[in-house]
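Work through the exercises below with the structure at hand. Each task is followed by a solution in steps.

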Amino acid sequence: MPTLLNYSGDDELYSGSSLDLGRLYTIGSNVDVYYNPNKRARITAPFIFDCKQDQKSSIEVLPDECLFEIFRRLPSAKERTSCACVSKKWLMLMSSICKAEIERSTSSSDDVQMISFDEDQDIEGDGYLTRCLEGKKATDVRLAAIAVGTSGRGGLGKLSIRGSNDVRGVTNYGVSAIANGCPYLRSLSLWNVPSIGDEGLSHIAKGCHLLEKLDLCLSSSITNKGLIAIAEGCPNLTTLNIESCSKIGNEGLQAIARFCPKLQSIYIKDCPLVGDHGLSSLLSSASELSRVKLQALNITDFSLAVIGHYGKAITNLVLCGLKNVTERGFWVMGVAQGLQKLVSFSVTSCRGVTDTSVEAMGRGCTNLKQMCIRKCCFVSDSGLIAFTKASGSLESLQLEECNRVTQSGIIGALSNIKTKLKSLTLVKCMGIKDIDVEVSIVSGCESLRSLSIQNCPGFGSASMAIVGKLCPQIQNVDLTGLYGITDAGLLPLLENCSAGLINVNLTGCWNLTDNIISALARLHGGTLESLNLDGCWKLTDASLLAIAHNCLLLNDLDMSKCAISDAGIAVLSGARQLSLQVLSLSGCSEVSSKSLPFLTKLGETLLGLNLQGCNSIGSSTIELLMENLWRCDILA
């Protein structure tokens, strides 16, 4: 069984063999002839010595045609793999034999008797083995070994080739070996392998009719011809990923549309020859298509109109960097009313996303639950408010670098979806500034459970106080990079969270002090499981004291770059109710080797300990910790 989990491609051939290869071939000996020790040799030694100068290796005596006929009549995979171990020539020849040819020979021969199901019998499978070759390991010889070695162990189901050996890289010949020996192959991934072209894909199409997933990235030698071959030979294709393939265009996608009716997922990125004609054919023909991701393509409004009309099965849609698509394209996609099953929609760096088009998407996608808008500079407060008002099912909203959205837009959005929204994420939205608002006139959002506001420098204490009063059921808070937040701004959020906080991330909030951490531990110590205070350099041992006394369920604590000392670690180790699994003290210069006994005690439950940048802890102390805490992964 361990051999089945070898993903590198090494030792694909059986190490043991029913044939005695030492007796069969004595490489380098004077008599390079097989003989049975119980019988008289048919060729005498003197004859061999007389012909020594003209003698060939016994491996090379028989022509390939004869060897082929012999190999394909071997009764089991074990014998075939044993022969493949003899030489590179035999391995490559063995890999050229198709599975169907082996089966025909064993079933039609008159001399073959009934074979019992013993250890030498082939293991018929449906392709459950996985192999991944990267860099130097990606060669034709290794692929041939994989093809021969896995044929008798259930069959290869998934193959990934990433990069290629600079000297002896993977070529079409190696791929043909996989096609011949791996008829159960269901997933093929080729990343940055320029030596594999249309010929290789044609072999796969002829030998691997069960292929379901094809992933091509930086495949500069593959053209429409190769993709057409896949379409015609692999009707079960369900997933197609094409990235940075400069020679694949509309003809290849049109072939996929005609011959692959089971297609469920497509991802096409940075393919300059792909345009509206190929994409529209694919989108309008694939009735089961549920996942679509299009990035950096030369498509126009027409393709988005096709998505809006024919994407009746699409549940996940990602559009990124579509520079030629205008506001009209997104508007038509929304009002076409075809995306009724759309659940998740993500759009990035598309100038056609405006207030008008966003509102149309909200009205047309009635079951939309997750919406992510990144780097769309024309979306403002009015568009956001209109979208959230039209999206009655929205549960998750993420805005990143939408700089026209202000505090008013966020408050209005929270008021519109107050019964459904569970998660709100704001990242680098520079338009948000602190404005005093009368909270009593604004409806709260009782459903919100997760709030993440990252690197929004204008989001200060006033905004945080408003959010805290509007969203009393928050359980997960991420305020990374909000250096403007103070104790007074964060306190209303802590006091109003009646459900109890579970995960809190305050990375980079360097204006916070021990007082607010003490309040956090006192108010939410019974529910808090994860606390990240990385970079809060005003925090001292007093924070650790509050955590040790109040937190009952905490398992992940990050105090990196805080002003804590050995005394704080001692207090933390004395908390009997704590069962920390992860502790990070990176950059805590005041923590020294004196903390060894305390860290050892904490290590009884720790699985991860980060001591990087703790310059006061000596190397001998680190060695002792690694020796004593053998279960714990220590970074130092």
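Contact means heavy atoms within 4.5 Å. The model is predicted, so local features need pLDDT of at least 70 and side-chain atom pairs count only at pLDDT 80 or more, while totals for chains, interfaces and linings use all residues. Residues are numbered from 1 along each chain as its sequence is written, and side-chain values use heavy atoms, with hydrogens and water left out.

**Exercise 1.** Find which residues of α12 meet which residues of α13, and describe how the two helices pack.

*Solution.* Helices (H or I, at least four residues) and strands (E, at least two) are DSSP runs, numbered from the N terminus. Step one is the contact: Asp276, Leu279, Ser280, Leu283 and Ser284 of α12 meet Phe302, Ser303, Val306, Ile307 and Tyr310 of α13. Step two sorts these residues by class. Ala, Val, Leu, Ile, Met, Phe, Trp, Tyr, Cys and Pro count as nonpolar, Asp, Glu, Lys and Arg as charged, and the others, Gly among them, as polar. The contact of α12 with α13 then has six nonpolar, three polar and one charged residues. Step three is the geometry. Axes are lines fitted to C-alpha atoms, for helices over the stretch in contact, and angles run from 0 to 180 degrees between N-to-C directions. Helix α12 (residues 276–285) packs against helix α13 (residues 301–310) at an angle of about 5 degrees, and the axes are 9 Å apart. Angles under 35 degrees count as roughly parallel, over 145 as roughly antiparallel, 65 to 115 as roughly perpendicular and the rest as oblique. Therefore α12 and α13 are roughly parallel to each other.

**Exercise 2.** Apply the steps to α8 and α9: at what angle do their axes cross?

*Solution.* The axes of α8 (residues 172–181) and α9 (residues 198–207) cross at roughly 5 degrees and come within 8 Å. The two helices are therefore roughly parallel to each other. On the α8 side the contact holds Asn172, Val175, Ser176, Ile178 and Ala179, and these meet Glu199, Gly200, His203, Ile204 and Gly207 in α9. By class, the contact of α8 with α9 has four nonpolar, five polar and one charged residues.

**Exercise 3.** Describe the packing of α21 with α22.

*Solution.* Helix α21 (residues 541–550) and helix α22 (residues 566–573) have axes that come within 9 Å and cross at roughly 0 degrees. This makes α21 roughly parallel to α22. Asp541, Leu544, Leu545, Ile547 and Ala548 of α21 make the contact with Ala567, Gly568, Ile569, Val571 and Leu572 of α22. The classes are eight nonpolar, one polar and one charged residues.

**Exercise 4.** Which residues does Ser530 touch, not counting residues up to four places away in sequence?

*Solution.* First place the residue: Ser530 lies in strand β16 (residues 530–532). Under the stated count, Ser530 touches Ile502, Asn503, Val504, Leu554 and Asp556. Finally, take the C-alpha atoms of Ser530 and Asn505: they are separated by 7.9 Å, although the two residues are 25 residues apart along the chain.
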